[in-house]
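Biologist: Could you walk me through this one and back up each label with its cut-off?
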Amino acid sequence: LYPPQNLLASSNKMSSSGIAVGLKKGYPVEKKEKVPRPSQAKARLSKRTRMVRDLVSEVVGLSPYEKRLLDMLKTGGASSEKRMYKFAKRRLGTHRRALKKRDQVKEVYGKIRARAAMA
């Protein structure tokens, strides 16, 4: 009728108590380890891919809309970040992509300013 005592006291992995009611109701069983799905690793960049993308962006430069974002950053005042975000969102479609692109352009601008300060 009740589960064996050794199952109840074995490890804290189990969330069930063996009692039919309450927060931890149900028969105590060991939880399976979840195998990561391929979709979880989809956005992870390999070293080679990152290097190739950096090289390509260095050689090709910025696209016209990225140049406009950079110009907004250079000329903009207090609300430049918001305008950059809105412009990027309209061009790229999603909130997350827009934020990422804004940060990327800000990084490029930082590198340009650092290079100018060195010279």
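Modeller: A helix here is a DSSP run of H or I with at least four residues, and a strand is a run of E with at least two, both numbered from the N terminus. K101 is found in one such run, helix α5. Bear in mind that this is a predicted model, where local features need pLDDT of at least 70, side-chain atom pairs count only at pLDDT 80 or more, and totals for chains, interfaces and linings use all residues. Residues are numbered from 1 along each chain as its sequence is written, and side-chain values use heavy atoms, with hydrogens and water left out.

Biologist: Why does K101 count as buried?

Modeller: Buried means under 20% relative accessible area, exposed over 50%, partly exposed in between (1.4 Å probe, protein chains only). K101 has 13% relative accessibility, so it counts as buried.

Biologist: What makes a polar contact with the side chain of K101?

Modeller: The side chain of E66 does, at 2.6 Å. The term needs a pair of N or O atoms within 3.5 Å; within protein, one must be able to donate a hydrogen and the other to accept it, and residues adjacent in sequence count only if both atoms are side-chain atoms.

Biologist: And which residues is K101 in contact with, leaving aside neighbours within four places in sequence?

Modeller: Y65, E66, L69 and L92, where contact means heavy atoms within 4.5 Å. On that basis, L73 is in contact with M84, V105, K106 and Y109, again leaving aside neighbours within four places.
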